[in-house]
Every structure is written in C-alpha cells, then in structure tokens.
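My entries follow in the order in which I checked each point.

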Amino acid sequence: MDHHVRFGDETLVTSKDNNIVIQRVGSDNLAVHLGFLQMGHRYHISVFLSSEMCPCGPLQSPSPDDGSLAQYFNPNCHLLSMSQCDEDSGGWQLKVEYFAHKEKLMKEDLFLLSPDENHNINLKLTFHARVLGRGKGTPLLRNGIHSIGVELEDEGEASDWQGFG
C-alpha cells in the first residue's frame with residue numbers, strides 16, 4: 001500500500017539543492033521555477049542559461065515605450081541585464097526584476113528579443129512561483145533570488161491620517 005501524498009505534476013519539478021529549476025517547454029520556451037515567494041515583495045533573480053537554452057546570443061527585453069512591442073513588456077517581470085559568462089561555460093547570466101503581486105500560483109512571461117531592427121522574439125521565459133500571502137510565513141528563497149523591497153498595499157498601513165496637529 002502506497003502511503004505517499006501526491007500533488008500532481010508540480011511535484012516533479014523540485015530542486016534538492018535549492019537552486020532555481022529551468023525546464024525546456026519548447027524550442028524557444030523555457031519554464032523557470034522559483035519556488036516560494038512572498039506577496040508584495042520585489043525580487044532580483046539571477047538565472048543562468050546554457051548556450052543550448054539560449055543559442056541566439058545576447059537578447060533584450062521590450063520596454064513600455066517600444067510601440068508595437070510594448071504589448072510584450074511585463075511590469076511584474078522584466079530583464080535588467082544579460083551578460084555572457086566566461087568562455088568555459090559558454091552560457092548567459094540574466095538579472096531579472098520580479099514583483100510577486102498576487103497570492104497563490106503566479107505565472108509571469110518574459111519575452112526576449114533579438115537586438116537587431118527586426119526585434120524577433122527569440123526566447124520566452126515563463127516564471128512560476130507559489131506566492132505566500134501576508135501573515136503566511138517567510139519562505140526560504142532559492143539560490144539566486146534576493147528580496148530588494150516590500151511594497152505595502154494594505155489600507156491600514158497606508159492611511160491618509162496626518163496625526164494630531
């Protein structure tokens with residue numbers, strides 16, 4: 001008799017060494033599993049992509065001012081920088097800013113474009129996170145994830161009251 005609890009396919013994506021897990025979903029689509037994050041927190045995330053995951057070289061993220069490409073800009077998940085690692089590893093180091101703006105399961109897409117004038121979408125990264133709500137605990141962040149700030153949205157903490165005059 002099997003006494004183990006099963007939660008579906010999501011348990012197949014685990015990291016025993018606390019690293020961010022990256023899975024290839026298609027030829028130009030990667031799933032990046034961040035683990036647990038905390039609602040209302042903004043994070044800097046360092047992701048390493050091997051040259052097999054990103055063979056196209058340095059890519060860029062669209063900005064909200066890119067005209068027709070603005071639809072691909074994600075204010076909750078955007079690229080800060082992309083740099084080549086040393087020649088031995090041959091991969092790319094991405095720095096991404098990520099805002100955990102809602103509780104429960106969160107999925108945010110980051111589109112990376114070629115830097116030439118065509119701006120073709122060369123790679124789509126889908127970041128997956130399980131976000132804990134306020135008062136639900138503080139998660140142990142995976143390697144490469146750093147909290148850079150908290151944005152409070154509770155009305156009780158952002159009151160208009162000026163105090164006693």
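Which residue in β5 is the bridge partner of L79? I looked this up at the start, bearing in mind that the model is predicted, and found that L79 has V96 as its bridge partner in β5.

**Entry 1: the sheet around β5**

I then traced the sheet as a whole and noted an open arrangement of four strands in the order β4-β5-β3-β8, with antiparallel pairing. At its edges I found β4, residues 77-84, and β8, residues 145-150, each of which has a single partner strand, so one side of each is left without a neighbour in the sheet. Neighbouring strands here are turned against each other by 20° on average, with direction ignored.

Going through the pairs, I counted seven bridges in the antiparallel pairing of β4 with β5, the latter spanning residues 92-99. Within β5 I also located L94 as the residue opposite M82. For β3 and β5 I found eight bridges, again in the antiparallel sense, and I noted that I45 stands opposite V96 of β5. I recorded V96 both as the bridge partner of L79 and as the residue opposite I45.

Is β5 largely enclosed or left open by the rest of the structure? I found that six of its eight residues are buried, so β5 is largely enclosed by the rest of the structure.

I turned next to the largest nonpolar core, which has 28 residues, and noted that L34, I45, L94, Y98, L125 and F127 touch the most other members. The elements giving two or more residues to this core are β2 (29-38), β3 (41-49), β4, β5, β6 (104-113) and β7 (121-132). The largest share, five residues, comes from β7.

I looked at Y98 in some detail, leaving aside residues up to four places away in sequence, and listed its contacts as L34, L37, H41, R42, Y43, I45, N76, C77, M106, E108, F127 and A129. Among these contacts of Y98 are L34, I45 and F127, which I had already written down as core residues that touch the most other members.

**Entry 2: the sheet with mixed pairing**

I traced another open sheet of four strands, in the order β1-β2-β7-β6, and noted that its pairing is mixed. Its edge strands are β1, residues 21-26, and β6, each of which pairs on one side only.

How many bridges join β6 to β7? I found 10, with the two strands running antiparallel.

Finally I looked up backbone angles and noted N18, which has a positive phi of about 65° although it is not a glycine. I placed N18 in the segment before β1, and with a relative accessible area of 22% it is partly exposed.

K104 also has a positive phi, of about 80°, and is not a glycine. I located K104 in strand β6 and recorded it as exposed, with a relative accessible area of 58%.

Definitions and conventions: Residues numbered from 1 in each chain as written. Predicted model: local features only at pLDDT ≥ 70, side-chain atom pairs only at ≥ 80, totals over all residues. Heavy atoms only, no water. Pairing = 2+ DSSP bridges. Axes fitted to C-alpha atoms, helices over the stretch in contact; angles between N-to-C directions. Core = buried A, V, L, I, M, F, W, Y, C linked by side-chain atoms within 4.5 Å. Buried < 20%, exposed > 50% of the residue type's maximum accessible area, 1.4 Å probe, protein only. Contact = heavy atoms within 4.5 Å.
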